[in-house]
Amino acid sequence: MKRSFFSFFLLWGVLLEALSQSAAWNKTYQDYFDLYDDVAIEQMQKYGIPASITLAQGVLESGAGKSELARKGNNHFGIKCNGWTGRKTYHDDDELQECFRAYDNAYQSYVDHSLFLKNSPRYARLFELKRSDYKGWAKGLKACGYATSPTYAQRLINIIELYELYKYDKGGKFDKFQVQQLELGDLRHVYAFNDNYYVVARRGDSFRSIANEVGISYRRLASFNERDKDDSLEQGEIVWLKKKRRKAPKEFKNRPHQVVIGESMYSIAQKYGIRLKNLYKMNDLPPEYMIQVGDRLRIR
């Protein structure tokens, strides 16, 4: 009986450890990756750190950008001062009110993370690994003392595999525009959707004011949104930063949009980042058709 009792608790302990190392998909993490994937690829191409590792560390260390350290100091990687001469912030960690590096924006944090690893002899052996060896990098970071948690490496691996972040390690192109926005300080939040980016208009915004922030001609910006360049914008409107797509993302293939009060064909097209003429075409509707509440529209 004692033996069985002991075996039960041993098995329960193993199960708890496995659960502590597992990860469950959540949209907050995915939104984080959608926002920072381009800068992670850019940094990989410059310094050789796998983008998957950078993203997994960033989301884990910063709580998907929502931790106090990330919000107050734009520190996404939990890097402490250690001879840092720049701006600082103080936060309880292993000890009370420890000194952490602070940055003007998230982009600076990503760059400093790359330099922190690349220029430190402690992490030199990691750069001998293949860029595709995210498991080796994760285990190496733990072995080199990046974090004290005994499950740190496995948590990074779980995140990378659950969100398929290893696909970014193949390199390829990255969106220079998105990186530029982060480098400029992300003056307003830029959202990613349907292979595109958008911002939300604030009170008093115009195509000119937004264009000045994002570095796009206001005429082009209005064109991307199928509007006149001098149109006024209402607070809360979606403003796309690149030409809209012909269809909604794949996940909407069998999910038609049901029209609710206050919507128009244009507002629906804006919501999903679809060109207005394509929305009419997908639903075999003439341009003069007036949609009704309850109508079900194909968006892909």
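I take exposed to mean over 50% relative accessible area, buried to mean under 20%, and partly exposed to mean anything in between. The model I am reading is predicted.

**Entry 1: positive phi outside glycine**

I looked up D195 first. Its phi is positive, about 55 degrees, although D195 is not a glycine. I find D195 in the loop between β3 (191–193) and β4 (196–200). Is D195 buried or exposed? Its relative accessibility is 64%, so D195 counts as exposed, the cut-off being over 50%.

I then looked up D284, another residue other than glycine, and noted a positive phi near 50 degrees. D284 sits in the loop between α12 (276–282) and β7 (296–297). At 71% relative accessibility, I put D284 down as exposed.

**Entry 2**

I went to strands β1 (residues 88–91) and β2 (residues 98–101), which run antiparallel and are joined by four bridges. Which residue in β2 is the bridge partner of Y90? I have it as C99. Six residues lie between the strands of this hairpin, where Q97 takes a positive phi near 45 degrees.

**Entry 3: salt bridges**

How many salt bridges does the count come to? I get 11. I looked up some of them pair by pair.

I began with E68 and K72, whose side chains meet in a salt bridge at 2.9 Å, N to O. Both residues belong to helix α4 (residues 68–73), and the four residues separating them make about one turn of the helix. For accessibility I noted 34% for E68, which therefore counts as partly exposed. K72 has a relative accessible area of 53%, so I list K72 as exposed.

Next I took E161 and K135, with a salt bridge of 3.8 Å, N to O, between their side chains. This pair links distant parts of the chain: E161 is in helix α7 (residues 152–162) and K135 in helix α6 (residues 134–143), 26 residues apart. I record E161 as partly exposed because its relative accessibility is 34%. K135 is also partly exposed, at 39%.

I also looked up K229 and D230, which form a salt bridge with the closest N and O atoms 3.7 Å apart. K229 has 29% relative accessibility and so counts as partly exposed. D230 comes to a relative accessible area of 52%, so I list D230 as exposed.

Which residues are linked with D231 in a network of salt bridges? I wrote down R227 and E237.

**Entry 4: Q270**

I ended with Q270, a residue of helix α11 (residues 265–272). Why do I call Q270 buried? Its relative accessible area is 5%, and the cut-off for buried is under 20%. I then checked what the side chain of Q270 meets, and found a polar contact of 3.0 Å with the side chain of N225. Leaving out residues up to four places away in sequence, I list N225, I238, W240 and K244 as the residues that Q270 touches.

Note on methods. Residues numbered from 1 in each chain as written. Predicted model: local features only at pLDDT ≥ 70, side-chain atom pairs only at ≥ 80, totals over all residues. Heavy atoms only, no water. Pairing = 2+ DSSP bridges. Salt bridge = Lys/Arg side-chain N within 4 Å of Asp/Glu carboxyl O. Buried < 20%, exposed > 50% of the residue type's maximum accessible area, 1.4 Å probe, protein only. Polar contact = N/O pair within 3.5 Å; in protein donor to acceptor, adjacent residues only side chain to side chain. Contact = heavy atoms within 4.5 Å.
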